[in-house]
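Please keep the structure in view while reading.

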Amino acid sequence: MTGRDRKNSIKALFGGDILPAGEAAPETKSLPTAGEPGRTSSGAVKAMGLTLSSITREAEEARALRQALEEGERIVALDTDRIEASFVNDRLSDEERDDPDFLALVDSMRDSGQQVPILVRPAAGTDGGGEARYQVAYGHRRLKAARRLGQKVKAIVRALSDEELVLAQGKENAERRNLTFIERALFAQALVARGFERRLVGDALAVQKSELSRLLQVADSVPIRFVREIGPAPKAGRERWMALSAIFENGNGAEIEKATDEVTSEQFRRVSSDERFQKLFDRLAHRAPKAVAAVEEIHRADGGLLAKVERKGKAVRIAFPPDVDPAFIARLTARLEDDYAAFLAARKGEMAGKS
C-alpha cells in the first residue's frame, strides 16, 4: 500500500473522497489541530444527537480504524446493491419503527457524510454487471442509511471465515449499539442452528455458559412470530423474558390463542415495543392491563392543534406542539398560580353559601 493510498484511505475515514492511486486530491479544509477552534454544522450536531459516550466510542473506533489502515487495509466505496446482509440476523427493529436513532443516523450521513466504514467480506457470485458482491460483517444500520440516501457506502473489505464474521459482528454490537436480551437470544439460536459450537456463540456474545443457556431457553420457548410482533423491547430484560417463556413452556395451548388475539389487535400495534411486551405479558399472566392514557385535543380557531391534554389516572399532562408561540405558554404558566388561588376562593365561597 503506497503512502498516497494510505492517506486517501484515512481521508475517507473522516468523510472525504476515495481516490485512485496517483490521482491528485482536491483542495480540502484541514481538520482543526489541538487548541484550534473548530466549526461544527448545527444541522449535523442536531441530527447526530451526540452524547459524551457516543463521541468517545467514535473516537475509539477511529483510532482502531487508523491502525487497521496503517497495517495495509483500504476503505473503498461500494454500491449498496452489491452488498448482502450477514447470514445471521441480529436485529428485530425495522429501521425507525423501533429504532428512533436510525433517522438521526440518516440525517447525520446526509449532512456530514459517513464517518465510520462498515466491514464486509467478499461473497460468492457477481451482480448483473459482473461486479463482485460482498456480505456485511457489521454496519447493517449504516448500510441501510446509505441505501435510503441513494449513496455509496464506505467499507473495509476483509477476507473472513464464517467464525471470524460472527465474532466481528458480535464485537461490533457490544461496542456500538448493544443488542437487547431477546435480540441476543435469537442471535444465539440462529448461530447454534447453523452448527456453530456453543463456545464460539458465547464468545461472540461475550456471555458465560449459564447465560447462553438462558438465552437459548427463551428463544426456544417463545414462538418467533410473537417475538417479531413485540420487537426488541429494550427495557424488558432477562427476568421478564424468562417469565414469559415459562408461561409458554408450562401452558396448555390456550396461551397461543390469547397471544394471537393480543398481537393482532390495533391497540397492540400502535404502542412502542416495550409496551407491546407488557401488553402480551399481562394478557397471558392474567393481569389487569395498565391504564391507557386518555388524550383530548384542543384546537385553535383555524383548526390547528393548540394543545393535548393527557389524563392517566389522577395525573394530567398538557403538551403544546412546537408551533405554539412560547410567549403564550409563558403567559399561561405565569397565570396558573393566580387562577388556581381564585378557583379555590370561589369554591370556598360556594361551600360557605351551601352551609
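Thr80 lies in the loop between strands β1 (75-78) and β2 (83-84). Helices (H or I, at least four residues) and strands (E, at least two) are DSSP runs, numbered from the N terminus. The model is predicted, so local features need pLDDT of at least 70 and side-chain atom pairs count only at pLDDT 80 or more, while totals for chains, interfaces and linings use all residues. Residues are numbered from 1 along each chain as its sequence is written, and side-chain values use heavy atoms, with hydrogens and water left out.

Is Thr80 buried or exposed? Thr80 counts as buried, because its relative accessibility is 14%. Buried means under 20% relative accessible area, exposed means over 50%, and partly exposed is in between (1.4 Å probe, protein chains only). Leaving out residues up to four places away in sequence, Thr80 touches Leu143, Ala146, Arg147, Gln151 and Val153. Contact means heavy atoms within 4.5 Å.

**The whole chain**

The protein has 15 helices and 8 strands. Of its 355 residues, 35% count as buried. Among contacts between residues at least 6 apart in sequence, 67% join residues at least 24 apart.

**Salt bridges**

How many salt bridges does a search of the whole structure find? The search finds 13. A salt bridge is a side-chain nitrogen of Lys or Arg within 4 Å of a carboxyl oxygen of Asp or Glu. The table lists some of them.

| Pair | N to O distance |
|---|---|
| Glu131 and Arg82 | 3.8 Å |
| Arg214 and Glu211 | 3.1 Å |
| Arg335 and Asp339 | 3.4 Å |

Glu131 forms its salt bridge with Arg82, and this pair links distant parts of the chain, 49 residues apart. Glu131 is in the loop between β3 (118-126) and β4 (132-138), whereas Arg82 is in the loop between β1 and β2. Glu131 is partly exposed, with a relative accessible area of 40%; Arg82 is buried, at 11%.

Arg214 and Glu211 are separated by about one helical turn, because they are 3 residues apart in helix α9 (residues 209-221). Arg214 counts as partly exposed at 29% relative accessibility, while Glu211 counts as buried at 12%.

Arg335 and Asp339 both lie in helix α15 (residues 326-354), 4 residues apart, which is about one turn of the helix. Arg335 is partly exposed at 47% relative accessibility, and Asp339 is partly exposed with a relative accessible area of 38%. Elsewhere, salt bridges that share partners join Glu211, Arg214, Arg238 and Glu239 into one network.

**Nonpolar cores**

A nonpolar core is a set of buried Ala, Val, Leu, Ile, Met, Phe, Trp, Tyr and Cys residues joined through side-chain atoms within 4.5 Å. The largest nonpolar core has 46 residues, of which Leu205, Ile230, Trp241, Leu244, Phe277 and Leu280 touch the most other members. Which helix gives the most to this core? Helix α7 (residues 181-193) does, with 7 residues.

Apart from its neighbours within four places in sequence, Ile230 is in contact with Trp241, Leu244, Phe268, Ser273, Arg276, Phe277 and Leu280. A second, separate core has 15 residues, including Phe102, Ile118, Tyr134 and Ala145.
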